[in-house]
Amino acid sequence: MWFYLGIVVLHILRNTAVEETWIFVGAALVPATIFWIMVHRLRTTDTITVVNLVVAAVIGGTLAITAGATLDKLIGMIPQAEFGGKGILALSMAGFVEELCKGIVIVIVGWKLAKSTRNGLFVGGAVGLGFAVLETMFYIASSVGGADPIIDAAREAVGRGLLAPFGHVLWSSLFGAALFTAAAKTGRFRLSWLVLGTYVGVALLHGAWDGSGGIVLALTGSDLLSLLAEFGGSLVVIAIGVPIWRHVAKKHPAPPLPDDSVSDAAATQPTAPTSPVPA
């Protein structure tokens, strides 16, 4: 449907009435697929529900991008050197600002939820999904222009869509896991070295994802090297972030179903020796 809207309705027929629909579908398709997978990974023994994830994605994502956009703009108003029309300070701080805003929202939407590492992965991932959809909509809309507006916008949608699982979703999921882990013992969110270290780590991954191409372009002036650096930066972020996420997820699986625990307990009980059957 997305390709049909873009190629036939927008590009060939030039009917811009569906432009907003095309932008939304392009931005939401992959994140919505991830959300569908998350929902089906929930088990009856989990202490969070689909409604909790919807609230985290829709309301949490909106709150996070609102706060992030505000702080990004305020930092951009500080006198600073610029590159490509954007302030160097604003670019370098974007990862720290946006991950901080998402972390605060994760605490807000997760305040009354059970505190466990697994729940943090889900809640953080959902907030990241909502943030990613809204941010991608902006980038797609910004790319619409010129004689053939669909080409650049489609490239933006496909690129950001395919990489959505390894960006905001991954970073927020890891940060949420750290926040919930720190709160697991007392049931209250608190700062810890784990939280601070994870925050710095995901912020640096975010910065490497966003800024590697711009830094190389500023140093060399080469568009080709900038593109290669951007691609390489994405690969590095994926190579670091995904194994960490997999390790955390495998270390904190879903609570076993009651039948599973009974079966496991029965399997571990020694069996009484059977008496020989008389001939």
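Mentor: Buried means under 20% relative accessible area, exposed means over 50%, and partly exposed is in between, with a 1.4 Å probe and protein chains only. Before we apply that: this is a predicted model, where local features need pLDDT of at least 70 and side-chain atom pairs count only at pLDDT 80 or more, while totals for chains, interfaces and linings use all residues. Residues are numbered from 1 along each chain as its sequence is written, and side-chain values use heavy atoms, leaving out hydrogens and water.

Trainee: Is Gly176 buried or exposed?

Mentor: Gly176 counts as buried because its relative accessibility is 0%. In the protein chain, buried residues make up 39% of the 279 residues.

Trainee: Where does Gly176 sit, and which residues does Gly176 touch?

Mentor: Gly176 is in helix H7; helices here are DSSP runs of H or I with at least four residues, strands are runs of E with at least two, and both are numbered from the N terminus. Contact means heavy atoms within 4.5 Å. Not counting residues up to four places away in sequence, Gly176 touches Ile106, Gly120, Leu121 and Gly124.

Trainee: How do I read a helix pair?

Mentor: Two packed helices are described by the angle between their axes and the distance between the axes. The axes are lines fitted to C-alpha atoms, for helices over the stretch in contact, and angles run from 0 to 180 degrees between N-to-C directions. H5 and H7 pack at about 145°, with axes 6 Å apart. On the H7 side, the contact includes Ser172, Ser173, Gly176 and Ala177, and on the H5 side Gly120, Gly124, Gly125 and Gly128 are among the residues. The contact residues divide into eight nonpolar, eleven polar and one charged. For those classes, Ala, Val, Leu, Ile, Met, Phe, Trp, Tyr, Cys and Pro are nonpolar, Asp, Glu, Lys and Arg are charged, and the others, Gly among them, are polar.

Trainee: And pockets?

Mentor: Rolling a probe the size of a water molecule over the atoms shows where empty space is left. On a 1 Å grid over the protein atoms alone, with a 1.4 Å probe, a pocket is an open set of points with protein on both sides within 12 Å along at least five of seven lines; lining residues have an atom within 4 Å of a point. The second largest pocket is lined by 19 residues, with Ile37, Met38, Arg41, Trp245 and Ala249 nearest its centre. Helices H2 (19-41), H5 (117-143), H7 (168-183) and H9 (223-251) each give two or more residues to that lining. H9 provides the largest share, five residues. By class, the lining has twelve nonpolar, three polar and four charged residues.

Trainee: Is Met38 buried or exposed?

Mentor: Met38, in helix H2, counts as buried because its relative accessibility is 11%. Leaving aside neighbours within four places in sequence, Met38 contacts Leu53, Phe122, Gly125, Ala126 and Leu129. Met38 and Gly125 are 87 residues apart in sequence, and 8.8 Å apart C-alpha to C-alpha.
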